[in-house]
Amino acid sequence: ANKIFALVIDAGGNPSFVQNSTVSVNIGEFGFTLSGVREVATQKGIAVFQNLVVDKIGLPQLRFEYPLKDQVLIFLSTPVQVIPGSAHQLGIILQPGWSKNEGGTAFP
């Protein structure tokens, strides 16, 4: 499974090694749903998100949030391309009607 890494940086642009902090992620686009573990504790300023699932194809942005004492830092990702997965099921949209067709004739 793919992993997404969120790096917490300080005002100087350096990695922040603050412990016991969390980063959360959600979808920044209306109409998409993100499932999976969406809040992760940082380890040496890095939050690692695994097994996130977006419910439909498209180009949503991920919205990351990092709470501070007096504000919340927000970062929007570039659009993430979500493509269709492999087929895993087959269904029939319209069932053929019951008839007294003889073998070798087409369904009505």
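Student: In what order do the elements of the protein run from the N terminus on?

Tutor: This is a predicted model. The protein has zero helices and eight strands. From the N terminus on, the order of its elements is therefore β-β-β-β-β-β-β-β.

Student: What share of the residues in the protein is buried?

Tutor: A residue counts as buried under 20% relative accessible area. The protein has 108 residues, and the buried share of these is 18%.

Student: Which elements give two or more residues to the lining of the largest pocket?

Tutor: The largest pocket holds about 410 Å³ of space. Its lining has 14 residues, and those closest to the centre are Asn 2, Ile 4, Leu 52, Val 53 and Val 54. The elements that contribute two or more residues to this lining are E1 and strand E6 (53-54).

Student: Which element gives the most to the lining of the second largest pocket?

Tutor: The second largest pocket has a volume of about 270 Å³. It is lined by 13 residues, and Leu 7, Val 8, Phe 64, Tyr 66 and Phe 75 are nearest its centre. At least two lining residues come from each of E1, strand E7 (62-67) and strand E8 (72-76). With four residues, the element that gives the most is E1.

Student: By class, what does the lining of the second largest pocket have?

Tutor: Leu, Val, Phe and Tyr count as nonpolar. Leu 7, Val 8, Phe 64, Tyr 66 and Phe 75 are the lining residues nearest the centre of the second largest pocket. The class counts for the lining are 12 nonpolar, no polar and one charged residues.

Student: Which residues form a nonpolar patch on the surface?

Tutor: A patch takes residues with over 30% relative accessible area. Ile 9, in the loop between strand E1 (3-7) and strand E2 (22-27), is partly exposed at 45%. The patch has about 400 Å² of accessible area together, and its members are Phe 5, Leu 7, Ile 9 and Ile 46.

Student: Which side chains meet in a salt bridge?

Tutor: The structure holds one salt bridge. Of its two partners, Arg 63 is partly exposed at 30% relative accessible area, and Glu 65 is partly exposed at 25%. At 2.8 Å from N to O, the side chains that meet are those of Glu 65 and Arg 63.

Student: Is Phe 30 buried or exposed?

Tutor: Phe 30 lies in the loop between E2 and strand E3 (34-35). Its C-alpha atom is 8.7 Å from that of Pro 60, which is 30 residues away along the chain. The relative accessible area of Phe 30 is 86%, and the cut-off for the exposed class is over 50%. Phe 30 is therefore exposed.

Student: What is the phi of Lys 44?

Tutor: Most residues other than glycine have a negative phi. Lys 44 is in the loop between strand E4 (39-41) and strand E5 (46-50), and counts as exposed at 57% relative accessibility. Lys 44 has a positive phi, near 55°.

Student: Where is Asn 51, which has a positive phi although it is not a glycine?

Tutor: The phi of Asn 51 is about 60°. Asn 51 is placed in the loop between E5 and E6.

Methods
Residues numbered from 1 in each chain as written. Predicted model: local features only at pLDDT ≥ 70, side-chain atom pairs only at ≥ 80, totals over all residues. Heavy atoms only, no water. Patch = residues over 30% accessible without salt bridge, like charges linked within 9 Å, V, L, I, M, F, W, Y side chains within 5 Å. Areas by Shrake-Rupley, 256 points an atom, 1.4 Å probe, with all protein chains shown as cover. Salt bridge = Lys/Arg side-chain N within 4 Å of Asp/Glu carboxyl O. Buried < 20%, exposed > 50% of the residue type's maximum accessible area, 1.4 Å probe, protein only. 1 Å grid on protein atoms, 1.4 Å probe; cavity = no way out; pocket = protein on both sides within 12 Å on 5 of 7 lines; lining within 4 Å. Points joined across faces, edges and corners; volume = space filled by probe spheres on them.
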